Amino acid sequence: MSSIIGRNLLAGAEADPAGDAGHGADHPERVGFFTDTSVCIGCKACEVACKEWNAVPEDGLELTGMSYDNTQGLGADTWRHVAFIEQDKPLGHAVTGVDPGGVDHSGVDVFALAAGTTAPAPPREQAEVPTPDGRTELRWLMASDVCKHCTHAACLDVCPTGALFRTEFGTVVVQEDICNGCGYCVPACPYGVIDQRKEDGRVFKCTLCYDRLGEGMEPACAKACPTDSIQFGPLDELRERAAARLGQLHDAGVADAQLYGESPQDGVGGDGAFFLLLDRPEVYGLPPDPVVTTRDLPSMWRHAGAAAATLLGGLAAVFALHRDYRKAR
Amino acid sequence: MMSGSGVDRDGVYGERPGREAVVGGEQSVSDRPPSGTPSERGPGRRRGRRGRRGERLMVPEAEFTSYYGRPVINAPTWSARDIAGYFFLGGLAGAGSVLAAGAELTGRKAMARALKVSSLAAISGSGALLVHDLGRPARFANMLRVFRPTSPMNMGSWLLTAYAPTAGAAAVLEAAGRLPRIGRAATGGAALLGPAVAAYTAVLIGDTAVPAWHDGHRELPFVFTGSAAVAAAGMALIASPVAENGPAVGAAVFGTALESAASRIMERRLGFVGEPYQQGKSGRLKRAAQGLSAAGTAGALLWGRRNRIAAALSGAALLAASACTRFGVFQAGVASAEDPKYTVVPQRERLRKQAAGDA
Amino acid sequence: MGVRTWIQDWPVYRQLTGDDPLGRGAAAMSARTRALRPRTGTADRVVKSVCPYCAVGCAQNVYVKDEKVVQIEGDPDSPVSRGRLCPKGSATLQLTTGSARRHQVLYRRPHGTDWEPLDLETAMDMVADRVIRTRRETWQAEQDGVRVNRTLGLASLGGATLDNEENYLIKKLFTGLGVVQVENQARVCHSSTVAGLGTSFGRGGATTFLQDLQNADCIVIEGSNFAEAHPVGFQWVMEAKARGATVIHVDPRFTRTSALADLHVPIRAGSDIAFLGGIIHHVLENEADFRPYVLEYTNAAMIVGEDFRDTEDLDGVFSGLHEETGHYDVTSWQYEGTQVQAPSGESDKLYDERTHSGHSVSTSGQSESHGSGGAAVSGQPHRDPTLRDPRCVYQILKRHYARYTPEMVHEVCGIPPETFEKVCRALVDNSGPDRTSEFVYAVGWTQHTVGSQYIRAACILQLLLGNIGRPGGGIQALRGHASIQGSSDIPTLFNLLPGYLPMPHAHRHEDLDSFIEASKTDKGFWGNMRAYMVSLMKAYYGDAATAANDFCFDHLPRLTGSHSTYETVLAQLDGTCKGYFLMGENPAVGSANARMQRLGMAELEWLVVRDFSLIESATWWKDGPEIETGERRTEDIATEVFFFPAAAHTEKSGSFTNTNRWIQWHHTAVEPAGDARSDLWFMYHLGRRIKERLAASTDPVDRPVQDLAWDYPVHGPTAEPDAEAVLAEINGYGPGGEPLSAYTELRDDGSTSCGCWIYCGVYADGVNQAARRKPHTEQDWVAAEWAWAWPANRRILYNRASAAPDGTPWSERKAYVWWDEEAGKWTGHDVPDFVPDRPPTYEPPEDATGPDALSGVDPFIMQADGKGWLFAPAGLVDGPLPTHYEPQDSPVRNPLHADQQRSPVRQAFSREHNRFHPSGDEPGSDVYPYVVTTYRLTEHFTAGGMTRWSPYLAELQPEMFCEVSPELAVQRGLEHAGWATVITARGAIEARVLVTRRMAPLTAGGRTVHQIGLPYHWGPNGYTTGDAANELSAIALDPNVHIQEVKALSADIRPGRRPRGPELLDLVESYRQRAGIDENTGTEVRG
Ligand SMILES: Nc1nc2c(c(=O)[nH]1)N[C@H]1C(S)=C(S)[C@@H](COP(=O)(O)OP(=O)(O)OC[C@H]3O[C@@H](n4cnc5c(=O)[nH]c(N)nc54)[C@H](O)[C@@H]3O)O[C@H]1N2
Ligand SMILES: Nc1nc2c(c(=O)[nH]1)N[C@H]1C(S)=C(S)[C@@H](COP(=O)(O)OP(=O)(O)OC[C@H]3O[C@@H](n4cnc5c(=O)[nH]c(N)nc54)[C@H](O)[C@@H]3O)O[C@H]1N2
Ligand code: SF4
Ligand code: SF4
Ligand code: SF4
Ligand code: SF4
Ligand code: SF4
Ligand SMILES: [Mo]
């Protein structure tokens, strides 16, 4: 195992995941997504384009009350998910000019309302006319989430059948003809991406349009995106572009802008699909510091070995204490 | 602002891709200072309570935020009955094989036979549960399609592939009373593989993003092997004549001690993330397991070698205790996956410490 | 499979022998994975197409395998969309191939309780018989002693989703039959645009194109939710932003557009004229106008007649108001010493004066005829180039807007002065020689009782700032459906003939010449109207049209008033209209007062619905809301209903005209399945049958039908007419039968024919120019070789104004079209919108007419005076200048005109099912205390026929909801994600509640105004269902163009679901009683 760790095959920066997965020296460049949420218009074209291309089934008709997000999250039947977050703070220098002044309505927590706790029905006599509350700071964040195609992909690592594999493009794909629905990859993914389609039994997630990549086509979601919020390309190029973009936004005074999943030094060795966010990751439902679970696999096996030995040793000791059975008879 | 663009007689110059649009950038319309840095501004109302440095984080940070309270990771899709049952039966089989071998070596014939049979039955049952839980049971053979050291389930499959026939041979040859040498070798082999079978399932759940499982990966194998010993001891108490019960009683004491010590250490170390082990459904299962194993062990110590019925009842209590432990661990994992705070808060805390360390 | 290969196929073997020891990559691949190929790669062919949803007109590639469409995605070559598609465009595969599509003709017999299948041929015969029967039964030779030559017994609705060729056949056949009630979505969508832009500039289309947004320095999006309703077009806003442009969104709600804007300005719905008027005031007060532009290119210097009185003088009304009839006499609005005929406005208004003959029975709905040609001015108007004469337009404007101060804007719109100041500053700073600002609007402006005036206000402002005709400038009217621009150009509209030629009104002794005389202008290209009209008559009636018979001018049916879709509903309720075609429109959900629409249909003898699925307009007799409330019983409804499945855009060839007048061709990818047929097929074969049945008739009534030219080649298994042949007819033929290449080639002697003069050139050289697809990467941003735009393939209209009077660009940063002295012609990036070789110095001789009368500095070549109109002396029936009036139903007292709440001349039909609310401080107005506005979501389309049946879109917005502020939620006890009921005098609907800070209460009219947002996409049928917002709206119309007011209503909201059954009616009635509503409520002219 240590040789594996030495080659960074379980955690840490890994320069060439496809090569390390046996795709030979002349495999294509690693590709991925840079999703720049600052230019997302929340249109959900990415969601639909993905479904049309991959014939993903409809995922339930439920009005959630989570702003305009009725998709709720990634899953077996949703490979792109657009999050909507309404916040009481400004987006950089952008302004919304609602009448300032008036009464403070901090008693009404709309985000709590949106999170599902229902508004306390006010007693009728108390329901005097509320007045505008100086709502000058308002922003609506939208972000399209997708499988991260991790450099160290827990889903892939734990998959017992080889259904999940690393492609020559460095992406992570489920082979529908292999998956036996063991479900192991589901809790292994630190981002809650891959999931089981109950009626089918197998798991599904974004393939980064593996079939399209093979013909030099852009993934369906990125192609549809009206504002180029989803940018597809060689990962190295995207990382450079993202760094420049971050600088541009910071210079313009959008201090909240931050990259997520872009660093090869992070817990999963960097994401193949990374993001520019305008708030902390958890606000978007993303883990702030995900770590690929297999990083600790050697330690797990060591502890398991010790535990097995303890069991063997302990029970041996018990028998040692009771060795005199026949004599006692 | 961008005087470098326009349309002259040659056409448009200074074009820029739309993806470079600066939303929220400094504009003529604003007379407001820029919004704060990410670390200053969190969404929602904050009360500014934070875990003091170095102190174990027992409550979520007040600034914990989530996306509409939705989980960050996906909870296992496994059914508790199948998978916790699979863990339980695997433990029973694995530790049972060790007891069987010990019994055989120490001449406890009845106990040896009983445990060989129970291990075969248990491992068959656990295999059946595992296959049953597959979304595509017909494809269970794909488990051996690859040899993937990074996958505990794959390793487990190979392990079971080795263990199950061995344990089977041990039991069948014992029952048939033939080929004693091979039978003995099989019994020994099963006893050596058995502890691995009992322990690997802890790696299997530890190797997930489920906070209560992953973070407990050091102690969980001990919890599991301890619990396996408890189960096997229970089975021995039920199935063996009282006269042969000495080691079973010892195993019960050993298993209970190991399991409860490991649990305690784990929960203490996990702190906040360990909460689910104590709360809700899993908390109830855990307390039931504690009660049952205490009762079973006490019963075994008091009557295990004297009273067949009491011994059997104690054994049943121990079996039940072990099952409760596995179901409890399972449920704790599910609960920790379903509540985003168990994912977010420790990671946030880690980042905070890192930043503090860097500074 | 041998053991050997079996082993070698075992990944473990490959792990051991290959480079992938951990089995995580190459070794783990299955044979299927290795063989994987995209279905686009294996397709048999790729067919070029255009998105069938909205008017952005994104290009699509349709992949066909085994004669099935297997994938539809964006065509990267398109200069406007660059391969991108919004969620609807991305769902086109599901739209066209999904299980919601119907493929069988259905029939509901009178009083029947269910559908029955019917054979297609039989159904066609039955419809043809009914058309002939009803036409005969309802034929009207005269009205009030004047020849009208028509039937009001038949009507048709729909066209914006159809191809231009289909619209052409619909209008042609129905006009031939004497049917005047031919309407489409253009009425309910953007008709006020045509009137507003047309009267101001001479043409009713957006003045620019989407890609040119990138050149704007400031973009004001107001009355449009650009990012949501035209998502792919929005990329050009982002491009401008990347180049440093300031983006401002003025909208009652904080939307997905606001989220990307630099400044969001919340505004009270229905108050934009006050806001725009405030900016006009700011510009004039600070003399921040672009003076050389204003002086030369607008009518600022013109002197208005001394009889003119402004709203400021007459307590909120202009001179000329007849208080009894609620109409203006527009004579006093004229320039001094002239008579003006607005080419895009009410061109018939001055019929009597202009022809000195005949008698105008009625005038109506003419404002849109300025879609391509302004109103006429005769004589030489007086000018004061110093702009100091108190009666010059500039001074009138200044006085008119003097009270539109920031404080007044605050009072009316609820916009704080600091915010308002920001908008003024941004606009002024970004206008002038070096910089340009663009306005973008859509139906947030058009759908008001003063909708045309909203647009006029923007035109005035953009003229003052010198932003028309220049790169990055202009007014971008974002149109709705894929071809709604086309269905206005080649109109299925009652008041228009193709190319914005007016439909003739009934007059005594009118002939072709007096008709032309009344409508054309003396100066500019509208002066050649006779050539356009005669060529059209040749296209319609072919050889039968001769100089001797006035080119069959008498065949045309005559108007006697408004016959808009809303009047048609009244005609249905009255029993006048008996047969109705719905071809791609869903009024039971999409039109104002949906209940009236259904009740009207329930009075019909027969109804034909052509659509993809069983929309509400096809099934109301079975499961409509009136059946639920018990008001109507299915068994009692005598209407016969035919349902014909329509072919999708992938199943037929034809052209759509996008929001920027681009005519784009889509090619047939596959044959339609089952009974599904194109609308072209339907119209052609219906017409063929009717003509066959009437061929032997000797009744003079049938003569126009017999004369109608109706020969189109057909092909394929379904005998589909050749759409290109129709396009060629639209384009026109010269004397030798050769395709024409420009409308300047048209003649008024009958030697040329042309189905739509403004489209002349689309088939130049016999080549389908609309099918041109030179990739944007191979041409500049104007993309002149992608498709074809009317007029004459121009992309920015009035582009002569991009150069200074001397012909040089205003600035080298904004060069577009300029005078090339050496070559002696205009040149630049676009087709010059001017006489190509007319030098800037040209002064026309006194007696010149038509184009020759245009001087070298008259950029508005379709205008009667060559100028952009700050003041509209003609063309509109509700005033020469926009002034703020409250919506028909408003909780706010008009802060500007205390004695004039609403537009005095608005059209409000008070009927049993169409009652209005008390407004302002009238008693009972507090029963409906909140402002409601209705709008769209990215995820759905209009009345839902193309999205509610699509699972992929339905799941994204699965339920009807309302948006309210936290304050309103507290005030009314509304629970987030719970239910609420919204109530007006017309109806009550339920919706799930979204409590959001994106809705903010405003302080306006001295009170807190809460606004409720309602998307209008839902109805009771489909995959996702819900109540329709239009159960709440009323038929209250803009008098110029008869567009309904659905953007600002008043209503009440309460927690909980609405009652079912008869109790629903009781609820509505109890509100009416509490508010004291009767037939007179809200109908007064003054007050
Ligand atoms: N996704 C999608 N796209 C569409 C359509 C669709 O249904 N769905 N429909 C197509 C059609 S037919 C059309 S016509 C266009 C329409 O496109 P839009 O006009 O952009 O559509 P709406 O949402 O009806 O209205 C635009 C905005 O006007 C605001 N508004 C309402 N009242 C007022 C007012 O009084 N003043 C101001 N300033 N704003 C007001 C609303 O809040 C809304 O945000 O979209 C086309 N594109
Ligand atoms: N309250 C409120 N009401 C409004 C508006 C609003 O903003 N608020 N907006 C108004 C506006 S702008 C508009 S444009 C209208 C739109 O209202 P509608 O036009 O009534 O709505 P659609 O659902 O677009 O109806 C078009 C129908 O045409 C069908 N169709 C599509 N393609 C074809 C074809 O090729 N052939 C045939 N035969 N059928 C076809 C579609 O399936 C669909 O059912 O609604 C208006 N009503
Ligand atoms: S995000 Fe999850 S599903 Fe995607 S590659 Fe990483 S671990 Fe696998
Ligand atoms: S469910 Fe399928 S993909 Fe996931 S781990 Fe199991 S076999 Fe692999
Ligand atoms: S890359 Fe392909 S599979 Fe992945 S989200 Fe985009 S469209 Fe879907
Ligand atoms: S990422 Fe692109 S396609 Fe997806 S919602 Fe945002 S803008 Fe639309
Ligand atoms: S609906 Fe409009 S914006 Fe969307 S893809 Fe179609 S044409 Fe483009
Ligand atoms: Mo529209």
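This is a predicted model: local features need pLDDT of at least 70, side-chain atom pairs count only at pLDDT 80 or more; totals for chains, interfaces and linings use all residues.
View 1. Arg838(C) sits over the face of Tyr842(C), 4.3 Å from the ring centre. In another such contact, Arg998(C) lies over the face of Trp140(A), at 4.0 Å from the ring centre.

**View 2. An aromatic cluster with residues of chains A and C****.** Ring pairs join Tyr68(A), Phe84(A) and Trp140(A) with Phe961(C) and Trp1018(C). Trp140(A), a member of this cluster, is the ring under Arg998(C).

**View 3. The aromatic pair Tyr53(C) and Phe941(C)****.** Over all chains, the structure holds 62 aromatic pairs. In this one, the ring centres are 5.5 Å apart and the planes meet at 80 degrees, so the geometry is edge-to-face. Tyr53(C) belongs to the loop between strands E1 (45-50) and E2 (59-65) of chain C, and Phe941(C) to the loop between strand E31 (930-935) and helix H31 (951-954), so the pair ties together parts 888 residues apart in sequence. Tyr53(C) counts as buried, at 1% relative accessibility. Phe941(C) is buried too, with a relative accessible area of 6%.

**View 4. The tryptophan pair Trp819(C) and Trp826(C)****.** The two rings pair edge-to-face. Their separation is 5.5 Å centre to centre, with 65 degrees between the planes. Trp819(C) and Trp826(C) are both buried.

**View 5. A nonpolar surface patch on chain C****.** Val3(C), Trp6(C), Ile7(C), Trp10(C) and Tyr13(C) make up this patch of about 490 Å². Helix H1 (residues 3-8) of chain C gives the most to the patch, with three residues. Trp6(C) is found in helix H1. Its relative accessibility is 52%, so Trp6(C) counts as exposed.

Note on methods:
Residues are numbered from 1 along each chain as its sequence is written. Chains are lettered from A and ligands numbered from 1 in the order in which they are written. Side-chain values use heavy atoms; hydrogens and water are left out. Patches are made of residues with over 30% relative accessible area and no salt bridge: like charges are joined within 9 Å, nonpolar side chains (Val, Leu, Ile, Met, Phe, Trp, Tyr) within 5 Å. Accessible areas come from the Shrake-Rupley method with a 1.4 Å probe; for residues, only the protein chains shown count as cover. A salt bridge is a side-chain nitrogen of Lys or Arg within 4 Å of a carboxyl oxygen of Asp or Glu. Helices (H or I, at least four residues) and strands (E, at least two) are DSSP runs, numbered from the N terminus. Buried means under 20% relative accessible area, exposed over 50%, partly exposed in between (1.4 Å probe, protein chains only). Rings of Phe, Tyr and Trp (its six-membered ring) pair if their centres lie within 6.5 Å; planes under 30 degrees apart count as stacked, over 60 as edge-to-face and the rest as tilted. A charge sits over a ring if NZ of Lys or CZ of Arg is within 6 Å of the ring centre and within 35 degrees of the ring normal.
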